[in-house]
Amino acid sequence: MTPEQIGFAFLYLAIFLLIGKWVRVHVEWLQKLFIPSSIIGGFLALFLGPQVLGKIIGNFVGQDSFWTNGLMTENILEVWSALPSLMINVVFATLFLGTVIPGIKRVWNFGGPQLAFGWAIGWGQYVVGILLVLLVLGPLFGVPPIAGALIEVAFEGGHGTAAGMANTFEEMNFPEGYDLSIGLATVGILAGVVTGIILINWAVRKEKTRVINDVHGFSELRKKGIMEFENREPAAKMTLRPESIEPLSFHFAIVGLAILVGYLVLQLLIWLESITFDAGFMTYIPLFPLAMIGGIIVQVFFNKLDQAEVIDRKMMNRIQGFALDILIVTAIATVSIDVIGEYLIPFLLLAIVGIAWNILGFMFLAPRIIPSYWFERGIGDLGQSMGVTATGLLLMRVADPDNESPAFEAFGYKQLVYEPFLGGGLATALSVPLIFQFGPWPFLIFAIVMCLIGLFVGLFYFGKK
């Protein structure tokens, strides 16, 4: 493949991002559901590609015709299929870059209740998923045990984690796991936004909220996903002078350094395993959770030695958001509809069970674990447990538009402990290889124990406050 073909694939990607934004601005029902433009663009690319438009036109032209790929080319699809597993490393490397690690006591007091709630929900997704596979999907449909991890991988981890696990699924003889997890991640985000908005309206009517009295006060610009003029602020700070180095270039280099450190850590772990147990287990681990560890290591280094504070968190947010948009569009555009159709009933059952567990957990556990502002704080964890962190932040912003509750601060503190393990962290990355190596029962027992720890701490410690 030539550099020109790779470059054209990125130009094509830009077109679908812009079309997705245009559709979001002009389609009212998509505005009401707050559907991200990247998801809209991804679905448009999927429909206009070989799996939908290509198959329709293929009925009228020869198999060698250009139109059997729809409006795509094989080179575009080849480039796009590789992007999700690359961009997820950028997303995770930036998670802690530019942040100040707060004291343990403050993290525990503010983020502890949400950590306990999220911990129980996250590990519970493994419990219900593995039980569903062992009791129903395996015996009736021949689904392998590692499918029990798909709910957590897709719902908690989102498109990025699902894409990052592609090679892992391939090495474990279940390549369909990638397509199923991407499909579940899409369902999770859509369900998270829709159910979240419904629950916020319900909470307002039932006086469960302490901040807002209605959810109909959004401006037309906000509904279209455009920042209001009076709320516009710099997207990042100029921490460096451009004549020395462009700030964006510097931050991009820091992200690259974090990923490189993560890669070296992964290679070290593989080497240590080779001279000890030599089980080949570490070779199944994807890079992205180690890229997050690399980001933490780089940030700790800068916290100690950098007095000028040259790493800007907002700039890292922009880099992370850019990578996530590319990831979502390309992941959805290259998902296999044939695989989802082949596993349609298992796919639907996994989605239904995962959504039901999250909603029931939120309704029953959040008010009993989170001692104050339970709805404003818990709705963010519900959104994250069904999609990505951005979904949780969106729902919290709807429930607390002026940041009057401790929801955002507590949610941020919770992430410091939560992200390294669940939601795409080490536990998520290790779950599939562990189930593959040791079978589903040991991991199921471990997940039950972890879930019970979250429930016990949440109900009997934070719930008593």
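Tutor: Start at Gly142, which takes a positive phi of about 70° just after helix 6. Helices here are DSSP runs (H or I, at least four residues), as strands are (E, at least two), numbered from the N terminus. This is a predicted model, where local features need pLDDT of at least 70, side-chain atom pairs count only at pLDDT 80 or more, and totals for chains, interfaces and linings use all residues. Residues are numbered from 1 along each chain as its sequence is written, and side-chain values use heavy atoms, with hydrogens and water left out.

Student: OK. What does helix 6 span between its end C-alpha atoms?

Tutor: Helix 6 spans only 47 Å, while a straight helix of 38 residues would span 56 Å at 1.5 Å a residue. The expected span is 1.5 Å times one less than the number of residues.

Student: Where does helix 6 bend?

Tutor: At Gly111, by about 60°, and Pro113 follows within four residues. The bend is the angle between axes fitted to the seven residues ending at a residue and the seven starting there.

Student: And helix 12, how far does that reach from its first C-alpha to its last?

Tutor: Helix 12 (residues 247-274) reaches 41 Å with its 28 residues, close to the expected 40 Å. Its buried residues include Phe250, His251 and Glu273. Buried means under 20% relative accessible area, exposed over 50%, and partly exposed in between (1.4 Å probe, protein chains only).

Student: Which helices do the buried residues of helix 12 pack against?

Tutor: Helix 5 (74-93), helix 13 (288-305) and helix 14 (313-333). Contact means heavy atoms within 4.5 Å.

Student: New topic: how many aromatic pairs does the structure hold?

Tutor: It holds 21. Rings of Phe, Tyr and Trp (its six-membered ring) pair if their centres lie within 6.5 Å; planes under 30 degrees apart count as stacked, over 60 as edge-to-face and the rest as tilted. One of them is Trp119 with Phe421, which is edge-to-face because the planes are at 75°, with the ring centres 6.1 Å apart. Trp119 is in helix 6 (residues 104-141) and Phe421 is in the loop between helix 19 (407-418) and helix 20 (426-438), 302 residues apart.

Student: What kind of pair do Phe362 and Trp374 form?

Tutor: A tilted one, 5.7 Å centre to centre with 45° between the planes. Phe362 lies in helix 16 (residues 344-369) and Trp374 in helix 17 (residues 374-386), so the pair ties together parts 12 residues apart in sequence. Both Phe362 and Trp374 are buried.

Student: Which residues have the most contacts inside the largest nonpolar core?

Tutor: Trp80, Trp123, Phe362 and Ile379, in a core of 130 residues. A nonpolar core is a set of buried Ala, Val, Leu, Ile, Met, Phe, Trp, Tyr and Cys residues joined through side-chain atoms within 4.5 Å. The largest share of this core, 14 residues, comes from helix 6.

Student: What does Ile379 touch?

Tutor: Leaving out residues up to four places away in sequence, its contacts include Phe362, Trp374 and Leu395. Leu395 lies in helix 18 (residues 389-399) and counts as buried, at 0% relative accessibility.
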